[in-house]
Amino acid sequence: MGTADSKLNFRKAVIQLTTKTQPVEATDDAFWDQFWADSATSVQDVFALVPAAEIRAVREESPSNLATLCYKAVEKLVQGSESGCHTEKEKQIVLNCCRLLTRVLPYIFEDPDWRGFFWSTVPGAGQEGVCGEEDENARPLAESLLLAIADLLFCPDFTVQSHRRSAVDSAEDIHSLDSCEYIWEAGVGFAHSPQPNYTHDLNRTELLKLLLTCFSEAMYLPPAPDSNNANPWVQFFCSTENRHALPLFTSLLNIVCAYDPVGYGIPYNHLLFSDYREPLVEEAAQVLIVTLDYDNTTSSSPTVDGTTTSTAMDDADPPGPENLFVNYLSRIHREEDFQFILKGVARLLSNPLLQTYLPNSAKKIQFHQELLVLFWKLCDFNKKFLFFVLKSSDVLDILVPILFFLNDARADQSRVGLMHIGVFILLLLSGERNFGVRLNKPYSVRVPMDIPVFTGTHADLLIVVFHKIITSGHQRLQPLFDCLLTIIVNVSPYLKSLSMVAANKLLHLLEAFSTTWFLFSAVQNHHLVFFLLEVFNNIIQYQFDGNSNLVYAIIRKRSVFHQLANLPTDMPSIHKALQRRRRTPEALSRTNSQEGVSMEGSCPAAPAEPGTLKTSLVATPGIDKLTEKSQVSEDGTMKSLEPESVRSPAESSSPGGKSEGESWNGEPSQACREQQQSPTASAGGQWSPTPDWVLSWKSKLPLQTIMRLLQVLVPQVEKICIDKGLTDESEILKFLQHGTLVGLLPVPHPILIRKYQANSGTAMWFRTYMWGVIYLRNVDPPVWYDTDVKLFEIQRV
């Protein structure tokens, strides 16, 4: 039968379904088979031939027919998984049912009355065929569907290579098959790389798309503050009920990490061969991050026995969470597995950067956001992996792409989520001493970026990019300023030698943040000054010797420190400062930032195209909820500090009537953020600055070290200039390089690191971000478009 005929027949069946007001019996095979038996329809056809309005009409007007359609489709998948899909016809039926369920499920999820449908066992609706048992033992439909998908993902000659010389004859074989021998790709816990097979990849992709659609019920529930609303579909699929959990987890991870978009290392190869693996890799990455959506702030529950066929998992650790995918991820421990994962993720994250200096040489991948979520999960759930990443300078292969994405997305409102996850990852890494140490490696890779040209280290790159985000990003990034500066504070005690460009950028930020109108215009703004002073103090006390550029920049801009020390606190001055703000609305003036020439071949960061779709995100927790303080001891070990015992200098002040116990470095509240946009909004009974409030933190500004440095060095530098008639920077720098402040500075303060700590706020943020990315990226077919999702709003820029 021709494709046109089968489309026509399929469409006729859909019309019959929507126009029948009477229930159609489940036993009426002649009617139901029209949906899957003889049609050769692609998933795109199914989406076109089954319009949303008609699915909703059946749901409202003849619910029993929609219920039967779902039952029958699941029944066919179960039959296919039990028989092993030997014939082409069976394979076609399975794929058609797959496509139909992918189309229909979102409309089941969007209606609260239908939500329990897949978790019920309705007698008499063809269920006997599904489980072959009496009704009391019948599985819920959702479980039958998930187990069938899992079996079908390891079905010889359908989704994996058959190991048999002859065709598998009995249905027994599919049940006794050890799927660990059929892992899709070499990598973690599996050495054999099967021959690539175009058809198997396509079939896997369709099954994974259905699996992702099953998991997507989460999109139809509003974000809940308690993170305990575990996704029942993911919970069941990742439990011991799924006998393929280990090989499937391994297959998904390996297929993603082994992917090489360049194509056999030959540039421009992708122009000659179409890459059928990429859709599978994308789908695998999306399914993987959804199965790992687990809030690890809740204590881990009792779990599986540690028996695995694979030595890749560490059995020494106590049993982890019930979610086996999270469990397996947290127990990977072999160096070669870590190396494989890290190299794979770094290769894929760097792919969009390759585009810039060898345009079109490699296929440009689009799933970097999924990869960043995956990398985050790896570091968050597997501390051994995190330490491995930081053990060598390989971490820089992750850092550079992240800085590239941050810089590139800074002006684009639709990529706020990308900005956040990039910053979260850097915050997590910056809590470890090794990250700061690694940043001293010279930066030689010249990725074209819209930033000033500089010669220096990866630390310089990080500071220059952060400066660019703060001074020329859009308004909605302001809540991230605390995080960006916390990262710089965390690494500052280890930075051996900042370039002049980076030193000037830090001083420019201090200048911008310490203007009186900025300090007085929102309750939290002075924290940014505290963070920057902490950076300068760390470098002066712990890395003075190599940092003559920074010392010189501090001397040149010494007036900024004197102004801070003499900050006016009387009401008329406060008032005058806020009036000045009205006249210069530009948030952070760029005039005195010595921007310099941008790198060759770079494009300026562009705002979103008008009309770009984006999804809303829940607010992220403030820096005080996001991090906990640790003190670095003499021997380099860290000890966590009780929140009371260590207060940053500003913390004990009570800005805006906050209680003593609350930390000073929280994220600006909504009201406070609005004030950052219009600081004089205090007329409406909102917060406004008072002399007492200014005094409460001004007295705690940690200026002693810097003032002492200026007191000692400024007269010496001035004397040299007069004696030698010097106007040349290099001579002064030479003098500063050989200078010393030993014995002249106050006793060094202990190093404070603010380490990321897991919390349910970020768990919820990751859930909304991840599903938002998946929603927007699945456009062909548009699985969730125009359905009534509740987890986020869809907005146009």
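**Note on the predicted model**

1. Of the 797 residues in the protein chain, 58% are buried. The coordinates under discussion are those of a predicted model, and the remarks below should be read accordingly.

2. As regards secondary structure, the protein chain comprises 34 helices and 5 strands. Among contacts between residues at least 6 apart in sequence, 79% join residues at least 24 apart. The accessible surface of the protein chain amounts to about 31700 Å², and carbon and sulfur atoms account for 54% of that surface.

3. Helix α18 spans residues 396-409 and helix α19 spans residues 416-430. The two pack at an angle of about 145°, and their axes lie 9 Å apart. The crossing of α18 past α19 is left-handed.

4. Which residues of α18 meet α19? On the α18 side they are Leu 399, Ile 402, Leu 403, Phe 405, Leu 406 and Ala 409. Their counterparts in α19 are Leu 418, Met 419, Gly 422, Val 423, Ile 425 and Leu 426. By class, the residues of this contact comprise 11 nonpolar and 1 polar, with no charged residue.

5. Turning to the strands, an open sheet of 3 strands is arranged in the order β3-β2-β4, and the pairing is antiparallel. Strands β3 (638-640) and β4 (751-756) form the edges, each pairing on one side only. On average, neighbouring strands of this sheet are turned by 40° against each other, direction ignored.

6. Strand β2 (residues 627-632) runs antiparallel to β4, and 6 bridges join the two.

7. Why is β4 described as largely enclosed by the rest of the structure? Of the 6 residues of β4, 5 are buried, so the strand is largely enclosed by the rest of the structure.

Conventions:
Residues are numbered from 1 along each chain as its sequence is written. This is a predicted model: local features need pLDDT of at least 70, side-chain atom pairs count only at pLDDT 80 or more; totals for chains, interfaces and linings use all residues. Side-chain values use heavy atoms; hydrogens and water are left out. Helices (H or I, at least four residues) and strands (E, at least two) are DSSP runs, numbered from the N terminus. Buried means under 20% relative accessible area, exposed over 50%, partly exposed in between (1.4 Å probe, protein chains only). Contact means heavy atoms within 4.5 Å. Accessible areas come from the Shrake-Rupley method with a 1.4 Å probe; for residues, only the protein chains shown count as cover. Axes are lines fitted to C-alpha atoms, for helices over the stretch in contact, and angles run from 0 to 180 degrees between N-to-C directions. A crossing is left-handed if the near helix is turned anticlockwise from the far one by less than a right angle, and right-handed if clockwise. Ala, Val, Leu, Ile, Met, Phe, Trp, Tyr, Cys and Pro count as nonpolar, Asp, Glu, Lys and Arg as charged, and the others, Gly among them, as polar. Two strands pair if DSSP finds at least two bridges between them.
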